[in-house]
Amino acid sequence: MSGIVPLHLVLLIPLAGAVVIAALGRWPNAREAATILTGVALFGFVVSLIPHVAGGASPAVLLAWVLPRGLGLVLRLEPLGLLFALVASGLWIVTSVYSIGYMRGHREAHQTRFYVCFAISICAAMGVALAGNMFTLFVFYEVLTLSTYPLVSHHATPKAMKGARTYLGVLVTTSVGFLLLAVVWTWVLAGTLDFRVGGILAGRASEPVLLTLLALYVFGTGKAALMPFHRWLPAAMVAPTPVSALLHAVAVVKAGVFTVMKVVVYIFGLDLLTTTGISEWLMYAAGITVILGSLVAMAQDNLKRRLAYSTVSQLSYIVLGAALANAWGVVGGSMHILMHAFGKITLFFCAGAIYVAAHKTEISDMRGLGRAMPITMAAFLIGALSVIGVPPLGGSWSKWYLALGALDAGQIVFVAVLMISSLLNIAYLIPIPIRAFFSKPADGSEPPRFKEAPVFCVAALSFTALGCIVLFFLADDVYRLLVPLGGG
């Protein structure tokens, strides 16, 4: 198999960048310049792929044969993969800029290792995004887990190592115990693992078998953080904030929900799920995770842990969209990959900026902080409103399409779930900037004078906050990219 589009460059660019970054480790300025230039080159190449998808093409490239029966490592371009690739590559640039301010401002050790592992992680995310079959996706999914482990354990403290072990243990156990079994079972049933429009399992097995297989795929994709396999996400918050941004917005969790969406659309097919009804249980599992994740978030005083449980909740919006198995649900869930990425990365950037500038991690200690860090707290408010789904911010569109999907499926209960979740989002996010701007410190002292985080941090969080607004007006373009997924 060959194609005129050199898709393998999505892997070679970040890998080459990792080598150059490692070689320049003794010269921080050159190392960080190489990181940003690599990100720009990768994003530029991914952007150049847009016309191919817009024109209806689906170019592919064979990386290597694995089995003589036709199983190989294959990259293929299609709308959902392009969206994920754009999100991961674009936000890598912003996160790299932010990392310069954060890692230097906090005087972090092992910065070269950090940037190298980050580049390898993005390479793995690109492999997941453009995987042409389930085997290729599984391979890069595992590489992503292993390459992010050194980032989670970066501080090497007992607490960091414990969190990293939880991270690695949950993700490897679920992927090897459930996901790999589902992949092999699919190969046996269908004789192929290729991603095909309409799916590959219709007429291949009974409904009980298909239901079991769907459960193996969903719970085997631990990165989707569907309860009860979500513990790794808050445990991984021991990592530096740029890593938290990678986990929550750029690559890791998005690779999880992307995998679920990919399996639903291209392995099972929407028609199969609709006619058999085997995904109805998944709607309720996702709905329960949406509500419980928000309730647990409300009880957290540590800002990063509150945001972590918020992510657990928000990811299940995407799983819900997939489980609805109709055009509106798939478009809304897929769009939420993009909209949530910008909103949540803004919130994590703000959390890191607060830690660097004010050395505060607990929400109860952030009263009056708005006077000292007005840019950061204003960006936090914008990111929070986008996550809540308030117009004119991008998050409002994905929730709107998800609600339409629930109505189209005759599942009004999930419209209620979306509304209740938004109210809970307000309850655990909005009090943070309100208290920062309108309350005095808890000890009654005067708020500190203006002291924002390093300029690289502030520039990055300002950019992503602005992105939350811009995406509201680009939603039609995103819709046109994604509508073929639902058969439109």
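A salt bridge here is a side-chain nitrogen of Lys or Arg within 4 Å of a carboxyl oxygen of Asp or Glu. The model is predicted.

**Exercise 1. Salt bridges and burial**

Task: Find how many salt bridges the structure holds. Then decide whether the residues of the pairs Arg196–Asp194, Asp477–Arg480 and Glu32–Arg31 are buried or partly exposed.

Solution:
1. The structure holds six salt bridges.
2. Take Arg196 and Asp194. Their side chains meet in a salt bridge, 4.0 Å from N to O.
3. Buried means under 20% relative accessible area, and exposed means over 50%, with partly exposed in between. Arg196 has 44% relative accessibility, so Arg196 is partly exposed. Asp194, with a relative accessible area of 32%, is partly exposed.
4. Take Asp477 and Arg480. Their salt bridge spans 2.4 Å, N to O. Both residues lie in helix 22 (residues 475–482), three residues apart, which is about one turn of the helix.
5. Asp477 is partly exposed at 41% relative accessibility. Arg480 is partly exposed, with a relative accessible area of 47%.
6. Take Glu32 and Arg31. The closest N and O atoms of this salt bridge are 3.0 Å apart. Glu32 is buried, with a relative accessible area of 4%. Arg31 is buried, with a relative accessible area of 5%.
7. Arg31 and Glu32 are also linked with Arg104 in a network of salt bridges.

**Exercise 2. A helix pair**

Task: Work out how helix 1 and helix 5 run relative to each other, and which residues meet.

Solution:
1. Helix 1 covers residues 9–23 and helix 5 covers residues 111–129. Their axes come within 8 Å and cross at roughly 175 degrees.
2. Angles over 145 degrees count as roughly antiparallel. Helix 1 and helix 5 are therefore roughly antiparallel.
3. From helix 1, the contact includes Val10, Leu11, Pro14 and Leu15. From helix 5, it includes Tyr115, Val116, Ala119 and Cys123.
4. Sort the residues of this contact: 13 are nonpolar, two are polar and none is charged.

**Exercise 3. The nonpolar core**

Task: Identify the residues with the most contacts inside the largest nonpolar core, then list what Tyr217 touches.

Solution:
1. The largest nonpolar core has 187 residues. Met134, Tyr217 and Phe268 have the most contacts inside it.
2. Helix 15 (residues 327–358) gives the largest share of this core, 18 residues.
3. Leave out residues up to four places away in sequence. Tyr217 then touches Met134, Leu179, Ala182, Val183, Thr186, Val263, Ile267 and Phe268.

Definitions and conventions. Residues numbered from 1 in each chain as written. Predicted model: local features only at pLDDT ≥ 70, side-chain atom pairs only at ≥ 80, totals over all residues. Heavy atoms only, no water. Axes fitted to C-alpha atoms, helices over the stretch in contact; angles between N-to-C directions. Helix = DSSP H or I, 4+ residues; strand = E, 2+ residues; numbered from the N terminus. Parallel < 35°, antiparallel > 145°, perpendicular 65-115°, else oblique. Contact = heavy atoms within 4.5 Å. Nonpolar A, V, L, I, M, F, W, Y, C, P; charged D, E, K, R; others polar. Core = buried A, V, L, I, M, F, W, Y, C linked by side-chain atoms within 4.5 Å. Buried < 20%, exposed > 50% of the residue type's maximum accessible area, 1.4 Å probe, protein only.
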